[in-house]
Amino acid sequence: MKVVWYLLGFVTMILILVNNPKFTSLGGFSSKSSSLNFTRSTQKNLQIIIIISICLFLGWTILYLLFSTIY
């Protein structure tokens, strides 16, 4: 149960870092000349995925706290 919690937290952090609005490409993360340019619809879909990931993380945190006090 804890592994899923850690995994959700890690994925959420990575998604938030990728969705930095100041950078339109990932050129700052790598020294390669190729970059990922995000269109408006791609950014909107990424924001929806981030919101779902955050809700899953918070829900899993609540479930983890409830089940850790029972057992």
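Helix H1 (2-18) is part of what covers the buried residues of helix H2. Helices here are DSSP runs of H or I with at least four residues, and strands are runs of E with at least two, numbered from the N terminus. This is a predicted model, in which local features need pLDDT of at least 70 and side-chain atom pairs count only at pLDDT 80 or more, while totals for chains, interfaces and linings use all residues. Residues are numbered from 1 along each chain as its sequence is written, and side-chain values use heavy atoms, with hydrogens and water left out.

**Overall build.** The protein chain has two helices and zero strands. H2 runs over residues 40-70, which is 31 residues. The expected span of a helix is 1.5 Å times one less than its number of residues. For H2 that gives 45 Å, and its end C-alpha atoms are 45 Å apart, so the two agree.

Contact means heavy atoms within 4.5 Å. Among contacts in the protein chain between residues at least 6 apart in sequence, 69% join residues at least 24 apart.

**Buried positions.** Buried means under 20% relative accessible area, exposed over 50%, and partly exposed in between (1.4 Å probe, protein chains only). Of the 71 residues of the protein chain, 14% count as buried. In H2, the buried residues include Leu46, Ile50, Ser53 and Thr61.

Which residues does serine 53 contact, leaving aside its neighbours within four places in sequence? They are Leu8, Thr12 and Leu15. Serine 53 lies in helix H2. Its relative accessible area is 6%, so serine 53 is buried.

Leucine 46 is also found in helix H2. At 12% relative accessibility, leucine 46 counts as buried. With neighbours within four places in sequence left aside, leucine 46 contacts Leu15, Val18 and Asn19. The C-alpha atoms of leucine 46 and asparagine 19 are separated by 7.2 Å, and the two residues are 27 apart along the chain.

**Aromatic pairs.** Rings of Phe, Tyr and Trp (its six-membered ring) pair if their centres lie within 6.5 Å; planes under 30 degrees apart count as stacked, over 60 as edge-to-face and the rest as tilted. By this rule the count comes to three aromatic pairs. Tryptophan 5 and phenylalanine 57 form a stacked pair, 6.0 Å centre to centre with 5° between the planes. That pair links helix H1, which holds tryptophan 5, to helix H2, which holds phenylalanine 57, across 52 residues. Tryptophan 5 and tyrosine 64 have ring centres 5.6 Å apart and planes at 15°, so this pair is stacked. Trp5, Tyr6, Phe57 and Tyr64 form one aromatic cluster.

| Residue | Relative accessible area | Class |
|---|---|---|
| Tryptophan 5 | 22% | partly exposed |
| Phenylalanine 57 | 25% | partly exposed |
| Tyrosine 64 | 22% | partly exposed |

**Surface.** Accessible areas come from the Shrake-Rupley method with a 1.4 Å probe; for residues, only the protein chains shown count as cover. The protein chain exposes about 5,900 Å², and carbon and sulfur atoms supply 72% of it.

Met1, Ile62, Leu63, Leu66, Phe67 and Ile70 make a nonpolar surface patch of about 580 Å². Patches are made of residues with over 30% relative accessible area and no salt bridge; like charges are joined within 9 Å, nonpolar side chains (Val, Leu, Ile, Met, Phe, Trp, Tyr) within 5 Å. A salt bridge is a side-chain nitrogen of Lys or Arg within 4 Å of a carboxyl oxygen of Asp or Glu. Methionine 1 sits in the segment before H1. Methionine 1 is partly exposed, at a relative accessible area of 45%.
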